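Here is a short briefing on a structure that is new to you.

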There are 2 protein chains.
Amino acid sequence: MRLLLISSSNVHGYVYLDHPESAMRAFLGGARRVAFVPFAAHDHDAYMTKVRERLARMDLDVIGIDDLDRADAIFVGGGNTFRLLKTLYDRNLLTTIRDRVRAGLPYLGSSAGTVIAAPTMQTTNDMPIVEPPSFAALGLVDLQINPHYLDPDPHSTHRGETREERIREYLEENDGPVIGLREGSILQVENNVITLLGEKTARLFQRGAEPVEVQPGVISVPSASSAD
Amino acid sequence: MRLLLISSSNVHGYVYLDHPESAMRAFLGGARRVAFVPFAAHDHDAYMTKVRERLARMDLDVIGIDDLDRADAIFVGGGNTFRLLKTLYDRNLLTTIRDRVRAGLPYLGSSAGTVIAAPTMQTTNDMPIVEPPSFAALGLVDLQINPHYLDPDPHSTHRGETREERIREYLEENDGPVIGLREGSILQVENNVITLLGEKTARLFQRGAEPVEVQPGVISVPSASSAD
């Protein structure tokens with residue numbers, strides 16, 4: 001199984017997909033036809049057009065998910081995770097995508113598309129604007145992912161929960177592990193080896209333990225059961 | 001129907017519940033026994049103890065939701081909205097609370113407790129750490145509420161959605177209106193009159209229109225159908 005899980009398509013100081021472009025090129029190799037899934041956005045056509053134009057500059061041909069059989073890779077774009085997952089359920093695509101990726105189709109995800117590679121979407125940052133029939137997601141990796149991971153701002157006067165507090169609440173109710181993937185970071189999965197790409201560390205949360213910073217490179221993820 | 005819907009129990013520069021205390025005193029009048037609902041937290045007992053101690057300083061007697069028949073008011077505390085709503089469903093309390101409040105029992109809510117006074121919990125900021133059977137909530141008011149409302153930070157390098165962008169996504173999929181209630185703000189509802197308390201304006205979002213700032217005082221909320 002091959003996955004490239006991007007924290008965010010937009011990174012401060014870069015335009016759309018410029019930051020992850022080199023990692024995407026290396027990951028895709030000779031793949032040319034990419035099936036793009038625009039369901040995290042409200043306007044699918046506009047999103048398809050935007051991504052088709054952007055990927056054309058990488059000599060990639062964007063096709064629709066209806067053409068998945070012709071695709072060399074699948075790319076699930078960011079937006080609202082609830083909307084993305086609900087639409088995948090409504091169109092009966094979850095099993096199709098999971099089976100194809102497990103059979104070797106390279107999977108690219110960004111933001112919401114990265115969240116749903118996890119067992120559930122329960123570590124999303126998004127607002128529950130629509131109600132999917134279940135929070136269960138693709139389960140391509142054995143850890144929960146929180147993209148756009150944001151460190152607490154010591155100068156903030158805001159009293160809403162920090163991201164770390166939200167993930168701790170998740171671990172009050174569920175096993176981990178959860179990886180907080182900062183903007184600019186990417187998880188690459190090749191068979192069972194997970195590599196953290198980018199210059200930043202990631203923050204790994206486990207139930208009953210203090211979170212730790214994980215360095216770029218091959219990372220070892222504790223299993224959920226060992227965290228109990 | 002009487003409601004006091006607090007954006008946040010904690011406000012910068014104040015300790016727990018100090019900022020809304022005067023509004024709570026005025027709202028409660030002669031009420032003495034308050035049934036507190038701690039289900040937004042993981043540890044119900046610890047939360048009950050904390051609130052019991054705090055409300056004792058206001059000469060209020062905190063009792064459990066099992067004693068709702070003896071209560072002069074109900075107070076639903078903040079925490080995680082998914083956890084709060086799921087627990088209310090699991091314990092079959094949603095209808096009980098709705099009926100009692102519609103029959104005149106004063107309702108205090110803070111943060112998650114304010115969110116669930118709306119028709120649905122779909123404008124929460126919280127992480128979906130558990131899965132309630134439905135996002136439908138108490139529906140005591142006819143507008144969606146986003147507590148801890150946060151203005152975009154023009155200096156931010158973060159590329160996740162701003163709160164305004166998230167509420168705009170909500171309005172792509174649902175009718176409004178949605179009120180963004182900044183920390184330190186309170187909505188008081190007496191029969192059908194809604195008053196914005198505090199010094200800050202609130203931000204009112206409607207489908208197909210630009211958001212507007214609402215001044216403290218009596219506010220008029222457009223109906224969902226007129227926003228179409």
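A cavity is a set of grid points where a 1.4 Å probe fits but cannot get out. The model described here is predicted. By that rule, the second largest cavity has a volume of about 40 Å³.

**Second largest cavity**
- Residues of both chains line this space: Glu161(A) is listed along with Thr81(B), Ser111(B), Ala112(B), Val115(B), Thr124(B), Asn125(B), Asp126(B), Pro147(B) and His148(B).
- Helix 5 (112-115) and strand 6 (144-149) of chain B each give two or more residues to the lining.
- The lining has 3 nonpolar, 5 polar and 2 charged residues.

**Largest cavity**
- The structure holds 2 cavities of 30 Å³ or more.
- The largest cavity has about 60 Å³ of space.
- It is lined by 14 residues, and the closest to its centre are Ser111(A), Asn125(A), Asp126(A), Pro147(A) and His148(A).
- Two or more lining residues come from each of helix 5 (112-115) and strand 6 (144-149) of chain A.
- By class, this lining has 3 nonpolar, 7 polar and 4 charged residues.

**Interface of chain A and chain B**
- Chain A brings 39 residues to the contact, and chain B brings 39 residues.
- About 3500 Å² is buried between the chains, with 55% of that area from carbon and sulfur atoms.
- The interface has 6 salt bridges.
- Asp126(A) forms a salt bridge with Arg166(B), with the closest N and O atoms 3.1 Å apart.
- Between the chains, 28 residue pairs are in polar contact.
- On the side of chain A that touches chain B, helix 6 gives the most, with 7 residues.
- That side of chain A has 12 nonpolar, 16 polar and 11 charged residues.

How values were computed. Residues numbered from 1 in each chain as written. Chains lettered and ligands numbered in written order. Predicted model: local features only at pLDDT ≥ 70, side-chain atom pairs only at ≥ 80, totals over all residues. Heavy atoms only, no water. 1 Å grid on protein atoms, 1.4 Å probe; cavity = no way out; pocket = protein on both sides within 12 Å on 5 of 7 lines; lining within 4 Å. Points joined across faces, edges and corners; volume = space filled by probe spheres on them. Helix = DSSP H or I, 4+ residues; strand = E, 2+ residues; numbered from the N terminus. Nonpolar A, V, L, I, M, F, W, Y, C, P; charged D, E, K, R; others polar. Contact = heavy atoms within 4.5 Å. Buried area = accessible area lost by both parts, 1.4 Å probe. Salt bridge = Lys/Arg side-chain N within 4 Å of Asp/Glu carboxyl O. Polar contact = N/O pair within 3.5 Å; in protein donor to acceptor, adjacent residues only side chain to side chain.
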